[in-house]
Amino acid sequence: MLNRYPLWKYLLLLFFTVVGVVYSIPNLYAPDAAIQVSGDSSAKVIDAPVLTKMEAALKEANIEAFGGEVTAKTAMVRIKDVEQQMAARKIVQQALGDGYVVALNTASTTPGWLQAMGAEPLKLGLDLAGGVHFLLEVDTASAVAKRQEINADDMKEKMRKAKVRYTSVIAQKDNQIVARFRNAEARDAAISLLRSDFPTLLFTTSDKQTEGEFAFNADFSEAGVREIEDYAVSQNLITLRNRVNELGVSEPMVQRQGRNRIIVQLAGIQDPAEAKRVIGKTANLEFRLGASPDTLVSNKESFPYKDELTQMQRGNAELEKQLIVTGDRVANATSSFDPETNQPQVNITLDSLGGTHMHRVTRNNVGRQMGILFIEYKTRTQIVKNAAGENVEKMTQYVERKVISLATIQSALGVQFRITGLDSPAEASELALLLRAGALAAPMHFVEERTIGPSLGAENIANGVDATLWGFGLVVLFMLVAYRMFGVFANIALAVNLLLMITMLSMFGATLTLPGIAGIVLTIGMAVDANVLIHSRIREELKNGASPQQAIYSGYERAFVTILDANLTTLIVGIILFAIGTGPIKGFAVTLIVGIITTMYASVSCSRALANLVYGRRKNLQKISI
């Protein structure tokens, strides 16, 4: 028969619908407001007494808390009233004191059986959850200029060692190194010497020099500039990710945008001034010799270890006051493995001047220990009483100095050396990260900032839901009036379409934003467009004298190519928007792409299955409601 589906097709459609229902259900369970506590270092243990202390402090403040849970690294309690979440954070911070990071969070209320199946609710974007958004631009030009200064120092060092005489080597403001010589032979010898050591530089000779002077110009190739820019932005990303952890945000988003920009989104933070202070803070490193037993007390200092376990085992580390080099001289640091022992290590590269100082000190101190002191300028949040006797947050700046490594000098060190004796690859990776993140690789400035309050986020959600319901309702009403029974088929298919769309977004872990809601509303309109084409085609077939069964078959078969073309062109646009778009545009593109995929399935297969189920088995069908 023309309009009959086999049983397996109906079962397949039913299966997809049931899966859609199951994976959409978690979105009906609104998450609870929660306070999450973690240690300010990876070695900090969060145990049951910490949770008990949190709950006792909240109970004393008459804040209703429930559902406390603790893991090896975090403790979390749920807050009954979302309006008390900020106050609860202050109280917990005051009760626990220093050494803990107290963050605003949300706790899932999805039933366990759904979580066991991997069903999770949609994540909300910043415009729906509230928080602050920063767009920062990295001054990559200064990073290129700094690298050229380092290259100029390295060139001098190499030419001195090779006994190639030069008059001057200057890194100019246009990021070009100009080296002058007394004769062409010395200039050509210098180029031959340096070309292999500086593969990212383009060397050109200059004939327009003052009489008696010969010179070459060294400028970065495009690939060299890109390499420096990528390194600067990547290092700044690492630094920013470390810094925003102190802001009390459970899931901060720090990601690169374009060639030299970074987006920072901090959900739950409503004070952009506080966020800017922490993001803009500085840190540094100091390399010092370990104090020997005969070092005068006035010439040594005692510092704790950054690793709490090492601190408990060894106590404080004693270092000499005199510095070898500071972190400003660290050009790069990467973690790797020792090819001989296969043990983790950190490879450090200093600039030319730093390498000279390091070599001069270490060659005379082989066998002694050298410590790396990590100095961080941090912000502490304290709860104090104001003049009115109210508890308020007070931000204070302080300096934290901790030793991240204390190792024995095996041989004289120079521009490049390595740190061994590390316990694990994770420790090596963390140490390399700390060495790189001691300071920003290039300055940054704020290009854009905006704050979205929790009330505005809730209002955006309410408006988005209202728009979706109004759009859905008006479309349903139109289809019922215009197409009668086939309008019912289209409306059921539309509901399945919306269900599957939410399911796919939830399963893929997509983040729903306000433009994403706009994409959903647009999809609702586009979804019935396919059914309008089908129904119009069925009407044309009936007017041309076709039987109802033949009209239904021809309507779906002949309209499919048109529907495919229309949706395919829209899909291509959605993919382009996703590929080149950022932020809100990408959020819109995601829902648009998913909506097109579900529309092609629901608007054609589901509505046709319903039409076949109602009309397909009638042998003497004379009339259809359309």
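Reader: Let's start with two helices, H2 and H3. Is their crossing left-handed or right-handed?
Author: Good place to begin, and keep in mind that this is a predicted model. Here helix H2 covers residues 48-60, and helix H3 covers residues 85-96. Where H2 and H3 cross, the hand is right-handed.

Reader: At what angle do H2 and H3 pack, and which word describes H2 relative to H3?
Author: The axes of H2 and H3 lie 9 Å apart, and the packing angle is about 125°. Roughly perpendicular ends at 115 degrees and roughly antiparallel needs over 145, so this angle falls in the remaining class. That makes the relation of H2 to H3 oblique.

Reader: How many charged residues are in the contact of H2 with H3?
Author: Picture the two sides first. H2 brings Val-50, Lys-53, Met-54, Ala-57 and Leu-58, while H3 brings Ala-88, Ile-91, Val-92, Ala-95 and Leu-96. Sorted by class, this contact has nine nonpolar residues and no polar ones, and the number of charged residues is one.

Reader: Which strands are the edge strands of the open sheet?
Author: Its four strands come in the order E2-E3-E1-E4, and their pairing is antiparallel.

Reader: Which residue in E4 does Ser-38 stand opposite?
Author: Strand E1 spans residues 32-39, and this strand pairs with E4 in the antiparallel sense over eight bridges. Facing Ser-38 across in E4 is Val-101.

Reader: At about what angle does H3 run to E4?
Author: Both helices lie across strands of the sheet. H2 lies across E1, E2, E3 (74-79) and E4, and runs at about 25° to E3. H3 lies across E1, E3 and E4, and its angle to E4 is about 150°.

Reader: How many nonpolar residues are in the contact of H14 with H15?
Author: H14 (residues 514-543) and H15 (residues 548-580) pack at about 145°, with axes 8 Å apart. Among the residues that make the contact are Met-526 and Leu-533 of H14, and Tyr-556 and Ile-563 of H15. By class there are four polar, three charged and, to answer you, twelve nonpolar.

Reader: Which element of the chain has the lowest mean pLDDT?
Author: The chain as a whole has a mean pLDDT of 80, with 87% of its residues at 70 or more. Among its elements, strand E14 (residues 300-303) has the highest mean, 89. The lowest mean, 60, belongs to residues 272-279, helix H9.

How values were computed
Residues numbered from 1 in each chain as written. Predicted model: local features only at pLDDT ≥ 70, side-chain atom pairs only at ≥ 80, totals over all residues. Heavy atoms only, no water. Pairing = 2+ DSSP bridges. Contact = heavy atoms within 4.5 Å. Axes fitted to C-alpha atoms, helices over the stretch in contact; angles between N-to-C directions. pLDDT = per-residue confidence, 0-100. Parallel < 35°, antiparallel > 145°, perpendicular 65-115°, else oblique. Left-handed = near helix turned anticlockwise from the far one by under 90°. Nonpolar A, V, L, I, M, F, W, Y, C, P; charged D, E, K, R; others polar.
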